[in-house]
Structure formats: C-alpha cells, structure tokens
Amino acid sequence: MIFLLVADAWRLARAGYVLAREGVLSLVSPAAAPPLARPLLDIARLIARKDAGDRRQRFSAALSRLGPSYVKLGQFLATRPDVVGASVARDLEVLQDRMPPFGQAVAEATVADTFERPVKDVFAVFGPAVAAASIAEVHKAEVIEPDGERRDVAVKVLRPGVSRRFASDMGTFRRIAAFAEHNFAEARRLRLETVVDTLARSVSMEMDLRLEAAAYAELAENTQDDPEIHVPRVDWDRSGREVLTTEWIDGIKLSDKAAIIAAGHDPKEIARIVMQTFLRQAMRDGFFHADMHPGNLFVDAQGRLVVVDCGIMGRLGVKERRFLAEILYGFITRNWRRTAEVHFEAGYVPFHHSVDDFALAIRAIGEPIHSRTADQISMARLLALLLEVTALFDMQTRPELLLLQKTMVVVEGVARSLDPQLDMWRTAKPVVEDWIAGNLGPIGQLKRAGSGLGEMGHFAATLPGLLTRTARVVEQLDEATRDGIRLSPSSLEGIGRAEAKRAFWGNLALWVIAAALLGIWLG
C-alpha cells in the first residue's frame, strides 16, 4: 500500500511538473486561483521552459508527454472551443491523429509477431504511417487477392507498451477517486470510482483490436440500410490483437471544411448527417460510436459520412434509450413536466424530491437554449447549470450514460464546426419522433406485448425445473434445522476469534476512559 501511495504521489508530481515545465500553468491567472495555490503558480513560472514556444502549443505538448490517458482528455477538449478557447482547441487537434509515429521497424515487427510470418507474406506493400494517435498508428498497405486483384487497405498497429502505461495511469486515477469518495460527499454523489472504472473498461477494450474489428462489423450491420453512412469492411484474415486491417477510405476529414466545400459538398448537410447518424445509432440500435472526433470522421466522394476507429463504442439498454428519447423530445416540445417525470420514472432523481420543483429546474436550463443556433449557446454555461441542478436534487452519476453524454457533446461540437447556425433541436426532432412512434406509440405497445408473451412462455417452460429445485431446497433446509442449526467447527472458530477481538478493543476502550477519568480526578 505504501508503495502504491508513493507511486501515485510520484505520478501526480510528474504531471504537475510537466504542465509547469511546458508553461501550461503559467497561463493560469493568479487572481483566479485559490490563495493557497498562488505560491505554486509562482514556482511553476520559475521552472517553465524559456523556449516553450507559442502558448497555443504548450497544452498539447504537455499532454503528449504525460501519455495516452491525458491525450484522451485533450482529444475531448479539442472539440470544445467554447470551453477552452478557439486557439487552444486548434492546438489540441494535433492529438487526434497527428502524434509522432513510433517507427516503421517497430510496426513491421508487431505485424510479423502477430501473424508469425514476415510482413511481405502478409502485405504486398506496407507503407509508412499516415496517421498516429495516442493508442495506435495507421499504415497504408496493399494486398493481393487470390484472383490477382490488388487493393489498398488501412492497417492499424498498437503502440508498444501503451497497455502498461494506461493501466498505471488508471490505477492512480482509481485510488484518487477512492480517496475523494471517502472524504467528500460530492465525490460520492458523482460516483467517481464507478466513473473511472467505466472509462477504463471502455478504453482498455480499445487496446484489443479484435474487439474493434467486431465493433466495425456490428456497426456496419446496424447501418447497412442507412445510405448516408459508410463503415469500412474488416479484413479478418489480416487482423489480430495488435493489428487491425480494414478497407482503405479515400475521403476528406471533417476538420477540413475548406476541402469539403471545394469538393462540392454542403457543410450544413454534413453537419445534419453527423448529428442524426449519431442519434440513430444511440436510440435505434443502442450501439454507438463513442469517439466521434473530427479525426475519425470523413466524407467520401458520394457525400456519405465515413466513420473509422471503432475502438470505443457505447451501449444503451431499452430503458436508457427510452429515457434519452423522452428527454430530447421533452426539450424539443418544451414539455418540462414530462421531462422531469421521466427522470423520476428512470430512478435518476430520488422520489423524496418534488417533480414540480425539478421541472422548474429543467425549464431554467432548457428555455435559454431552445430554438437558438449553436453559436448562441454556451456549452460551458449549460454544463455548469446541469451540474448545479444534479447536485441540488441528489442525482448520482449514471455510469451507463457517461459515454453517451460525452459523445453528445463531442458530436455537437463537430456539427457546430461545420454549421455554426445549426439548430440542434430541429435537427434531432425527426430521429426522435421516429423512435418514439416506433417504440412508445401503438406499434411499440404491440412490440412490448409480443415480447411480454415470449418472456411468459420462457418462464412457463422453466417453471417445472424451478419448482423441483425449490422443493429440494426446502427439504434440505428442513433437515438442517430439525435438531437446531449446526455450525461447522471452522465457523465456530471464526466466531470465537471475532468475539475475542471485539472484547479486546472494548476492554482497551474502557481502560482508556478509566485512565482519563483518573487523570481528571487527580488533576
């Protein structure tokens, strides 16, 4: 335990030092910092590198040095210029797919180890890295099919040692979260330990590329009838734990708005497709791409949205999808009372609170942003209001909704970069209405009725076996208690040790009290 505490302290100290050394902390105004933190900011200015460069480059440089966990944070902030500022957001975009590559020789060695044969026997051509991010880098390669046809493919290769570094960081984050929950009520309400576990599990899955290949396949199957989206095909014969091969995509990144316009595509139409595609994945399929930053999104020659990097995916059950649909519909229609009721029905707000009071709080959030364009909405202000409301009504953090909430913010940021005048509510309305009509209307009622009959049939089929097992348990319980409950010698021994321990501490407490009283009397 002492070793872990020392290791955590070292990692936190290193993170603080790197931020200070790269000049990030020098950007913080002393007036905005707590009094006790101001001397630390003075020290940070003293150790900042004189050649730290443009202030816009400092944050990304620091996060790159700190490792993959911190880079993931930077990728999220890059989509929020209204939160971190436009200049910082532009700087952080380099974290999405322009990290330094780890080298051709290392990538080829990984491929050879994965398939247990030379690279030339797997790929006819294996080119240099074309993109590099925190977890892996991507190479353009060429394969020859049995019929002699040559085709281009994208080969994703994991960074060496990334799993170990990420596990170390997440271990530190978990212990910090546990400390915070033990000492602060707000941390317990936010369920920081569960939050860290949820995020760690999602990103750790990203480090097994076989799971990402399966996610590609499922997403492609779910969206095969959606003409506005294309998911690259997986080459299963050339994929493994550390190597993933997919169809090569010739497209324009959504971060390059000028190129999108030059190619004859309408950025406003692409923004609509991004928003509606995400909502269909979340509500209709319950399986959505949870890392939709601009580096993972392209538009192809047909004007379709192409999504890559399916390492982080989110899932929603029927209950969560209904909650999402009704909440969005409540905001769209300004039905604040129904929006509040859904929170209570889902168990997200404790029942001792008033529905009317919560509806009033929801209205306070919804009215200022309703029917406004994206450039008129401060997401920082909106998030601050949401945090105030959730604290006021004792709402605990819902782990199953974390990825959804995070991705919704990212998607809105991407759409906003393409169309600053985007009306989020009007764009979401047709998708939400379709889901509600198919699941909460008459058709949905029939579906649930059919599902209920199926569950009843399954229960009826298993009922005889359940009755047999119940009768056996009752018979065994009757035999065990016929002459009184008998405990095994090991159980009795354990009870004796516990009683002795309790008696020891009780006697010690009595002696301490007696000594204190004697001291008071003698004094």
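The following legends describe close-up views of a predicted model.

**View 1. Helices α16 and α17 cross one another.**
Two packed helices are described by the angle between their axes and the distance between the axes. Helix α16 spans residues 318–333 and helix α17 spans residues 336–345; their axes come within 8 Å and cross at roughly 160°. Because angles over 145 degrees count as roughly antiparallel, α16 is roughly antiparallel to α17. The crossing in which α16 passes α17 is left-handed.

**View 2. Residues of α16 meet residues of α17.**
On the α16 side, the contact involves R322, F323, E326, I327, G330 and F331. Their counterparts in α17 are W336, R338, T339, V342, H343 and E345. Five residues of this contact are nonpolar, three are polar and four are charged.

**View 3. Buried residues of α17 pack against α16 and α18.**
The buried residues in α17 are W336, T339, A340, V342, H343 and F344. Helix α18, one of the helices against which they pack, covers residues 355–369. Just after α17, G347 adopts a positive phi of about 80°.

**View 4. The largest nonpolar core contains 86 residues.**
Within this core, the residues that touch the most other members are L254, V274, F278, L279, M283, F288 and F358. Helix α15 (residues 267–285) supplies the largest share of the core, with nine residues. Leaving aside neighbours within four places in sequence, M283 is in contact with R321, L324, A325, L328, V431, V432 and W435.

**View 5. Another core lies apart from the largest one.**
This core has 14 residues, including V111, F115, F123 and F126.

How values were computed:
Residues are numbered from 1 along each chain as its sequence is written. This is a predicted model: local features need pLDDT of at least 70, side-chain atom pairs count only at pLDDT 80 or more; totals for chains, interfaces and linings use all residues. Side-chain values use heavy atoms; hydrogens and water are left out. Axes are lines fitted to C-alpha atoms, for helices over the stretch in contact, and angles run from 0 to 180 degrees between N-to-C directions. Helices (H or I, at least four residues) and strands (E, at least two) are DSSP runs, numbered from the N terminus. Angles under 35 degrees count as roughly parallel, over 145 as roughly antiparallel, 65 to 115 as roughly perpendicular and the rest as oblique. A crossing is left-handed if the near helix is turned anticlockwise from the far one by less than a right angle, and right-handed if clockwise. Contact means heavy atoms within 4.5 Å. Ala, Val, Leu, Ile, Met, Phe, Trp, Tyr, Cys and Pro count as nonpolar, Asp, Glu, Lys and Arg as charged, and the others, Gly among them, as polar. A nonpolar core is a set of buried Ala, Val, Leu, Ile, Met, Phe, Trp, Tyr and Cys residues joined through side-chain atoms within 4.5 Å. Buried means under 20% relative accessible area, exposed over 50%, partly exposed in between (1.4 Å probe, protein chains only).
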